[in-house]
Amino acid sequence: MLGAEAGRGRRVPELGELVGKIGLALGDRRAERVELVEGLLRAPDRERRAYGLHAAGVLLRSLRGPYGDVVALAGRLLADPEPRVSGAAVGVFRDLFELAAPAADDLAAFLADAPRVRRQGEDRHEGWITVYPSGLPSVGGALTALARLGDVRALPPLRWALELDEPPDDIGVLRGLGERAAELVPLIRRRLRDLPAQQGFDHRRFGLAGALGRLGPAAAAAVPELVALLRDDPGSSAHHALRRLGRAAADGGTIPVLRAMLADGPHRVAAARRCGPSRATRTPTCPCCCRGVGGGVRGAGGAGAPGARPPGSCAPRRRPPARDRARCGSGSARPRRCGGSRATSRARCRCCGRRGRRTRTSGSMSRACSARWARRRRRRHRCRRRSCAGHGATTTPPTATPITRSTTTRSCWPRARPRCERSADRRTMPVMDGRRASGTMFGLAYGDSLGAPTEFLDMKQILRRFGPDGPTQLNGDPALVTDDTQMTIAVGLGLRDALANPPFTPELVAPMWRRRFVDWLRSPDNNRAPGHTCLRACAGLEENRPWVEATVHGSKGCGANMRVAPVGLAPGLTDETRAGASQLQAAMTHGHPTGLAASELTAFAVRWLADGMAPADLPGALLDRCAGQRAVYHGRWLGTLWERPGMTDPETFIARGWDECRKVLERLVDAVARGDRTSDPCESTGGGWVAEEALATGLLCFLLFPDDPVRAIWRGAASSGDSDSIASLAGAFAGAHLGMEAWPDEWAGRIEYADELAGLGAAWD
């Protein structure tokens with residue numbers, strides 16, 4: 001009946017509500033939702049086509065998957081003569097980034113016929129820019145989509161927009177063109193100089209500076225404008241652009257400006273935080289190489305302090321070094337590097353993983369770590385004399401049970417030694433053999449890099465292009481990763497900052513994760529087909545909305561748990577704290593209960609494997625946790641997230657997530673029992689586009705090859721689903737089980753973000 005009404009040309013508002021309810025009822029049943037959307041997009045009447053485009057947008061933003069046919073159908077509707085239909089099609093493409101590639105020609109044709117200016121409220125096709133009654137104009141959705149695709153056909157409209165008296169406030173979309181937009185550098189420089197001042201945050205300059213950073217060496221001539229912008233507005237994106245320019249930034253006079261800012265009270269902390277990885281309490285750093293340049297802040301040494309470097313003395317580096325501090329031995333913070341100079345022996349310390357001078361007595365350990373290790377041994381011997389003599393020591397080796405916080409006793413011996421218990425009020429610090437934290441972080445990145453080329457390919461395409469094993473070698477130097485690794489690093493950095501400022505609470509860590517997520521959103525490297533849920537939620541976080549409002553409540557995409565491994569690695573957390581923190585980092589972008597439960601299970605799987613649990617015992621332990629936590633809602637960490645239509649209490653809300661995870665884990669047990677190593681793992685446990693399937697399929701790849709981590713990530717990369725997320729989770733599980741030594745040595749120096757991964761691994765090894 002609704003279709004007949006629309007066929008007679010009548011507006012049918014009930015149709016949109018009906019389509020929305022059907023899509024909500026279908027949930028993550030992707031095939032049925034695709035069939036519904038394609039049928040609506042091919043409908044003869046405009047009402048159903050328009051509502052089909054809305055449904056397509058919801059599908060593309062909520063579930064990751066191969067949607068080439070849907071995108072192509074939506075692209076053809078850009079030429080629809082009805083402005084309402086073509087406008088809905090533009091709305092679909094605006095935030096698709098690389099996924100809009102099948103419709104690139106349609107977008108270019110649409111822009112060729114579109115007006116240059118469209119005023120808000122006009123009933124006409126969208127133009128190159130949209131002008132509002134008040135405020136700055138904005139780039140049109142079709143032009144934004146084409147620029148984010150990196151299509152050079154977006155250059156002429158963007159050049160025209162840059163030459164306007166008031167360029168659009170979001171002109172930074174041209175950064176998606178990368179070095180292809182080098183011809184616009186002179187024009188951007190001129191606009192940075194002559195744009196009128198604006199109260200508050202200047203979106204125009206922020207976007208222009210970010211675009212220059214993406215151009216790399218081609219934008220070296222713009223260093224004076226970027227330096228001036230950094231001096232006037234430390235909160236701009238000029239620091240990102242200058243860091244990307246490297247040596248050109250140092251030669252262009254950046255360091256004197258930073259030294260002056262560090263000496264200026266209002267800009268002191270902002271300069272120290274934004275122009276290098278050091279915290280505000282440490283030595284200020286050079287934006288080119290991230291080494292100290294003197295001019296200390298909040299107690300740091302001045303220009304003449306030891307270790308200070310004169311401006312411009314830095315040598316170009318491919319990537320900044322690891323973080324200034326690492327947690328060695330007992331976990332206490334120690335100064336950078338373990339000892340020695342670059343001119344001396346550079347053997348890697350087996351304690352903290354850093355390279356430094358060795359001594360005859362320390363063997364493969366640096367001087368600083370050797371001294372700390374000796375102090376720890378003396379403390380243990382005192383404990384043995386004082387405590388073990390009274391009640392005896394058991395020789396039973398440690399079990400695979402996860403080590404948790406104890407309020408009365410703690411283990412005073414490392415694993416593989418007799419254990420004794422003594423009274424203490426400190427947290428138990430688990431000992432990880434084989435640098436398992438580093439193995440987890442690097443394994444996740446290796447799997448991500450290998451799985452990226454096959455993410456949207458089916459098995460026939462993978463076999464034809466890569467062979468039966470799929471991608472087997474890292475491609476490029478550095479080998480690029482995707483948003484999976486980028487967001488894992490963001491979670492890890494925020495978590496490390498929070499753990500350094502105890503007590504660890506949701507009120508402490510949530511703002512730190514917010515800042516890291518917003519930095520990821522603004523980063524010019526955020527061009528690796530990021531998930532739409534993460535983009536939308538992080539945009540809400542950037543607007544300073546409460547995370548409970550910014551999150552996408554109906555999404556349970558794999559982005560909820562692909563990045564949670566650092567929470568599993570962090571030492572000294574109770575089970576309740578680890579569970580709450582893992583669910584909180586997921587809830588900040590993915591508000592579905594299944595995403596929360598899958599995130600907790602992923603974190604505990606990493607923790608248990610790092611503590612020595614046998615891989616064969618892992619599925620049973622995860623199923624037991626599903627049963628035990630089914631009615632546990634961590635209100636202290638999640639707040640009012642559960643309050644939504646249809647939910648009567650928080651227990652009902654969270655139980656849905658645990659039930660869905662339990663079902664897919666039961667399928668995992670059956671798949672492991674079959675032991676089929678050659679078939680597509682997605683056929684057994686799902687494509688991994690949603691959180692619980694990503695967990696189960698990543699685990700399946702690991703459990704099929706528990707002692708061969710490279711083949712585990714090969715299996716994840718050669719799958720028909722979300723290959724990069726599946727392979728990255730498989731790599732994280734394998735690294736937690738076997739440690740860093742299990743991975744090929746030559747890969748560590750080639751993977752992107754190697755220094756960040758090494759810093760996080762060293763903090764928790």
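Okay, let's start with a charge and a ring: the charged end of R625 sits over the ring of F604, and it's 3.9 Å from the ring's centre. Keep in mind that this is a predicted model.

Now, aromatic pairs. There are 9 of them in the structure. Take W128 and W160: their ring centres are 5.7 Å apart and the planes meet at 80°, so we call that pair edge-to-face. W128 comes from the loop between strand 1 and strand 2, while W160 belongs to helix 9, residues 155–162, so the pair ties together parts that are 32 residues apart in sequence. Is W128 buried or exposed? W128 is buried, at 12% relative accessible area.

Next up, F456 and W689. This pair is stacked, with 5.8 Å centre to centre and 15° between the planes. F456 is in the loop between helix 18 and helix 19, and W689 is in the loop between helix 30 and helix 31, so here the parts tied together are 233 residues apart in sequence. F456 is partly exposed at 31%, whereas W689 counts as buried at 3%.

There's also one aromatic cluster made of F442, Y446, W743 and W747.

We have an open sheet of 3 strands, order 1-2-3, with mixed pairing. Strand 1 (117–119) and strand 3 (138–139) are at the edges with a single partner strand each, so one side of each has no neighbour in the sheet. Strand 2, residues 129–131, pairs with strand 3 in the antiparallel sense over 2 bridges, and T130 stands opposite S138 of strand 3.

Technical notes. Residues numbered from 1 in each chain as written. Predicted model: local features only at pLDDT ≥ 70, side-chain atom pairs only at ≥ 80, totals over all residues. Heavy atoms only, no water. Pairing = 2+ DSSP bridges. Helix = DSSP H or I, 4+ residues; strand = E, 2+ residues; numbered from the N terminus. Phe/Tyr/Trp six-rings, centres within 6.5 Å; stacked < 30°, edge-to-face > 60°. Buried < 20%, exposed > 50% of the residue type's maximum accessible area, 1.4 Å probe, protein only. Lys NZ or Arg CZ within 6 Å of the ring centre and 35° of its normal.
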